[in-house]
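I am opening a notebook on this structure. My plan is to look up a few things, one topic at a time.

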Amino acid sequence: MLPWKRALRPLAALLLAAAATVVPVATSAQAATQTDTQAESASSSGWNDYSCKPSAAHPRPVVLVHGTFANGVDNWLTLAPYLKNRGYCVFSLDYGQLPGVPLFYGLGPIAKSAEQLATFVDKVLAATGAAETDLVGHSQGGMMSRYYLKFLGGGAEVHTLVGVAPSNHGTTLNGLTNLLKYFPGAEDLLSTATPALADQVAGSAFLTKLNAGGDTVPGVRYTVLATQYDEVVTPYRSQFLSGSNVHNVLIQDLCPLDLSEHAALGLLDRIAFHEVTNALDPAHATATTCLSAIG
């Protein structure tokens, strides 16, 4: 067994065990209730409204794809309203739940998660009547979306993919280790492997397949937003893509004062959000600067 695989197994186990410390074990009914509550929360906040019809100004619905250990509501409590207030039809999903692990998502095999994304996009397109959608993915969500584009027919249904701190070419083991600080007590708990973490290690079989033959598919526009302070997907330049129709952005090139790290870039950073809207509507893009934080 390769050394990184030996190291990854206990690390993945510790992360999963840590999740169990912050969320009590729930029954299937309780987990379903939580999911329903999240969906209601999103709808009441203006997104996941299946009666929304895209406007002429914004003709494509936007699907938000959360990251590892996140979910379709908490990951987007700031960005979803930001886009909704600018006239977009906005939707988000939960994906990648492991059996017996309530509340936390993005943990299952990424290829299977991409199938869930494909099904969700079809649902959104059917509800809105749109021919294409745009995707915005944070962390695993930005990378997983590329699997859908490349292997599950998504290239014909997606106009633009915006990856916010995406794990496009994986991360080093040091990057994954830095996640431990977010889950106190992880070192003390029993272990169970988390496939999504293994898939995101640089050099994994999953990433080798995903990136073989090029990073992009024809007909889709790609934007990648990265921060030099990313402590999870490392090195941060591994997030960038190569190919046609690619726009790679280091957020500090737009605002040197922006200190956002991996999580904050997707959860809170309005400078990054402004650049997301530029990617979704480049015909009406405006300069992204430090002042975009108050825009």
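**Entry 1: the core.** I start with the term: a nonpolar core is a set of buried Ala, Val, Leu, Ile, Met, Phe, Trp, Tyr and Cys residues joined through side-chain atoms within 4.5 Å. I also note that I am working with a predicted model.

I looked up the largest nonpolar core and found 37 residues in it. Val63, Leu117, Leu135, Tyr148 and Leu149 have the most contacts inside this core. Next I asked which elements give two or more residues to the core. They are S1, helix H4 (110-128), H5, S4, helix H8 (205-211) and S5. H4 gives the most, with eight residues.

**Entry 2: the cavity.** How many cavities of 30 Å³ or more does a search of the whole structure find? I found one. The largest cavity holds about 30 Å³ of space.

I then listed what lines the largest cavity. The residues are Gly142, Arg146, Leu161, Gly163, Pro166, Asn168, Tyr222, Thr223, Val224 and Leu241. I sorted this lining by type and got five nonpolar residues, four polar and one charged. H5, S4 and S5 each supply at least two residues of the lining. S5 gives the most to this lining, with three residues.

**Entry 3: aromatic rings.** I counted five aromatic pairs. One of them is formed by Tyr50 and Phe91. Their ring centres are 5.1 Å apart, and the planes make an angle of 45 degrees. I wrote this pair down as tilted.

Where do the two partners sit in the chain? Tyr50 is in the loop between helix H2 (28-44) and strand S1 (62-65). Phe91 is in strand S2 (residues 90-92).

I checked both partners for accessibility, with buried meaning under 20% relative accessible area. Phe91 is buried, because its relative accessibility is 0%. Tyr50 is at 29%, so I marked it as partly exposed.

I also noted an aromatic cluster made of Tyr147, Phe151 and Phe206.

**Entry 4: charges over rings.** Phe151 came up again here. Lys209 lies over the face of Phe151, 4.9 Å from the ring centre. I found a second case at Tyr82. The charged end of Arg86 sits over the ring of Tyr82, at 3.5 Å from the ring centre.

**Entry 5: the backbone.** Why look at phi and peptide bonds at all? Most residues other than glycine have a negative phi, and most peptide bonds are trans, so I looked for departures from that.

Ser139 has a positive phi of about 60 degrees, though it is not a glycine. I placed Ser139 in the loop between strand S3 (133-138) and helix H5 (140-151). Is Ser139 buried or exposed? Its relative accessible area is 6%, so Ser139 is buried.

Ala165 also has a positive phi, of about 50 degrees, and is not a glycine. Ala165 is in the loop between strand S4 (158-164) and helix H6 (173-177). Ala165 is buried, because its relative accessible area is 0%.

Then I turned to the peptide bonds. The bond that joins Thr234 and Pro235 is cis, with omega about -10 degrees. Pro235 lies in the loop between strand S5 (221-226) and strand S6 (246-250).

- Pro195 and Gly108 are 87 residues apart in sequence, and 5.3 Å separates their C-alpha atoms. Pro195 is in helix H7 (residues 195-199). Pro195 is partly exposed, because its relative accessible area is 28%.
- Leu103 and Ala70 are 33 residues apart in sequence, with 8.4 Å from C-alpha to C-alpha. Leu103 is in the loop between S2 and H4. With a relative accessible area of 25%, Leu103 is partly exposed.
- Met144 and Leu207 are 63 residues apart along the chain, and their C-alpha atoms are separated by 9.9 Å. Met144 belongs to helix H5. Met144 is buried, with a relative accessible area of 0%.

Technical notes
Residues numbered from 1 in each chain as written. Predicted model: local features only at pLDDT ≥ 70, side-chain atom pairs only at ≥ 80, totals over all residues. Heavy atoms only, no water. Phe/Tyr/Trp six-rings, centres within 6.5 Å; stacked < 30°, edge-to-face > 60°. Helix = DSSP H or I, 4+ residues; strand = E, 2+ residues; numbered from the N terminus. Buried < 20%, exposed > 50% of the residue type's maximum accessible area, 1.4 Å probe, protein only. Lys NZ or Arg CZ within 6 Å of the ring centre and 35° of its normal. 1 Å grid on protein atoms, 1.4 Å probe; cavity = no way out; pocket = protein on both sides within 12 Å on 5 of 7 lines; lining within 4 Å. Points joined across faces, edges and corners; volume = space filled by probe spheres on them. Nonpolar A, V, L, I, M, F, W, Y, C, P; charged D, E, K, R; others polar.
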